[in-house]
Amino acid sequence: MSRYRGPRFKKIRRLGALPGLTNKWPKAEEDLRNQSRFIKKSQYRIRLEEKQKLRFHYGLTERQLLKYVRIAGKAKGSTGQVLLQLLEMRLDNILFRLGMALTIPAARQLVNHRHVLVNGRIVDIPSYRCKPLDIITAKDKQQSRTLIQNSLNSSPHAKIPNHLTLDLFQYKGIVNQIINSKWVGLQINELLIVEYYSRQTKT
């Protein structure tokens, strides 16, 4: 299944806020939320929607998300928490969380177009896994800095998570440590996602 490129409002009407996909809300937001409270959902649908929420927020294909779930399942610790850490430490998400891009698709475009350096080297792979002490900067070109400055000027983020540091004047972000699950910027039940995939493999 390919990455979703359709109407973004359609997804947030069904799944709720997806800040990585869009920072806008459709009109009659409260009405939509209130209506969703009265829809009786099956346990399968609840797990499916949590999985879809994660997938659309981070801009992943189904195959990519399944790959991350399998990696998390082989790692030490809670599979759900490791899964969130893997996704949060992606380069495109780090740029988004720093405010250098307004959405994760916008961050992915910055990386694909070679506007971003990691530790002084161009990285054009959005899924690049950042590590503690990595330094993310804009390429020393006017176009790159202008694109990132525009995002920083209009960034909706009220607070940068504790595992990151932003230097506005140098267009530089620093990864201080692996993210703690409490800093994940998405209201989600990761255990339901793990359950969804475990049940899929059993059928």
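Mentor: Helices and strands are DSSP runs, helices of at least four residues and strands of at least two, numbered from the N terminus. The model under discussion is predicted.

Trainee: In what order do the elements of the chain run from the N terminus on?

Mentor: The order is α-α-α-α-α-α-α-β-β-β-α-β-β-α, which comprises nine helices and five strands.

Trainee: How many bridges join strand β1 and strand β3?

Mentor: Strand β1 (residues 116-118) pairs with strand β3 (residues 135-138) in the antiparallel sense over three bridges. Within this region, Val118 stands opposite Ile136 in β3.

Trainee: Turning to side chains, is Arg47 buried or exposed?

Mentor: A salt bridge requires a side-chain nitrogen of Lys or Arg within 4 Å of a carboxyl oxygen of Asp or Glu. Arg47, in helix α3 (residues 43-58), is buried yet has no salt bridge. The nearest side chain of opposite charge, Glu195, is 4.2 Å away.

Trainee: Which residues does Arg47 touch, leaving aside those up to four places away in sequence?

Mentor: Arg47 touches Leu192, Glu195, Tyr196 and Arg199.

Trainee: What percentage of the residues of the chain count as buried?

Mentor: Of the 203 residues, 41% count as buried. Among contacts with a separation of 6 or more, 60% involve residues 24 or more positions apart.

Definitions and conventions: Residues are numbered from 1 along each chain as its sequence is written. This is a predicted model: local features need pLDDT of at least 70, side-chain atom pairs count only at pLDDT 80 or more; totals for chains, interfaces and linings use all residues. Side-chain values use heavy atoms; hydrogens and water are left out. Buried means under 20% relative accessible area, exposed over 50%, partly exposed in between (1.4 Å probe, protein chains only). Contact means heavy atoms within 4.5 Å. Lys and Arg count as positive and Asp and Glu as negative; His and the chain ends are not counted. Two strands pair if DSSP finds at least two bridges between them.
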